[in-house]
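The following paragraphs follow the charged side chains through the structure shown here.

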Amino acid sequence: MLLVQFKDEQGGRRVGVLEDGQLRVVDGYASTYALAQRAIRSGIGLAALATAGVGASVHDYAEVARRGDLLAPLDHVDPAHCYVTGTGLTHLGSADARDAMHQKIGGDAAALSDSMRMFRMGVEGGKPAPGARGVQPEWFYKGDGSIVSACGEALEMPDFALDGGEEAEIAGLYLIGDDGRPYRLGYALGNEFSDHVTERQNYLYLAHSKLRACAVGPALLVGELPADVAGTSRIYDRDGLLRWEKPFLSGEQNMSHSVANLEYHHFKYPLFKRAGDVHIHFFGTATLSFSDGVSVRPGESFEIEAPLFGPALRNTLQLRPMAPVPVTTL
């Protein structure tokens, strides 16, 4: 099942089940958040609850997208209660990339860079047996719900950034229940979007490079993630012409960590188990246009597509002037 949050012609929020290009409205719910809360409290599965609530109202997906009325597939009325986080060094890439990576991480661990040691640790211990704890992944904080762009919205790059590059990823979407337990609604396409030039200056700048906008959606895939997910990441120039294109792989078959291990090492912290909070957690990627020497310019567009997730995620890069704000002493 694919769920989409959107606004109708009157600006009212709606949740719809996407089928054959049509959004079948789930009656009685103005948000995926409300639908998920009801599912948790009633003990009914999200897909079953959505199916039971589908009414007669139908909207054309293409028309909603044309109007710019798509919303992120999960949000919180107070953006401060939505955590956006992620993990890196979790994906194996193509067969050629895997062979090259295994050659890099072989031999004496002491001779490897910190990143290669981290990657090797994931390959060796990122998929523990059920009930066991695996190795910790690289983890980072991106921001709160205010940084999330929906499909069709601009991805803003601050004017102090040195780069604004896509990262085609899958994100897990979660709601913390009244019992303090994390509940996964499902998964969505994501453009994790980072400043790779800043990160390359020094790996200790990773935290700075991740404090950027991101995009998620347009659809929420309810249920489990298949082991093998294939998609395509593209960049279009300002005239709408294809500038760069590359396939990407995700799903546990193409990862050095299991999803369960990544989730454990995120939600093991009490801070991330506060009832009512939303979490958007990126699982990582092995495909970047930056690695191919591409520098995306304002006015150019990103497109991330995987058939499993329905319509593509599309956003245009936009530069945002950032006026300095001095600190005032009280």
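A network of salt bridges links R234, E245, E303, E305 and R314; a salt bridge here is a side-chain nitrogen of Lys or Arg within 4 Å of a carboxyl oxygen of Asp or Glu. Side chains of opposite charge can pair when their charged atoms come close. The structure holds 24 salt bridges. This is a predicted model, in which local features need pLDDT of at least 70 and side-chain atom pairs count only at pLDDT 80 or more, while totals for chains, interfaces and linings use all residues. Residues are numbered from 1 along each chain as its sequence is written, and side-chain values use heavy atoms, with hydrogens and water left out.

One of the pairs joins the side chains of R13 and D75, at 3.0 Å from N to O. Helices (H or I, at least four residues) and strands (E, at least two) are DSSP runs, numbered from the N terminus. R13 is partly exposed at 29% relative accessibility, and D75 is partly exposed at 22%. Buried means under 20% relative accessible area, exposed over 50%, and partly exposed in between (1.4 Å probe, protein chains only).

R184 and E224 form another salt bridge, their closest N and O atoms being 3.5 Å apart. This pair links distant parts of the chain, 40 residues apart: R184 belongs to strand β10 (residues 182-191), and E224 to the loop between β12 (220-222) and β13 (229-236). R184 is partly exposed at 28%, whereas E224 is exposed at 62%.
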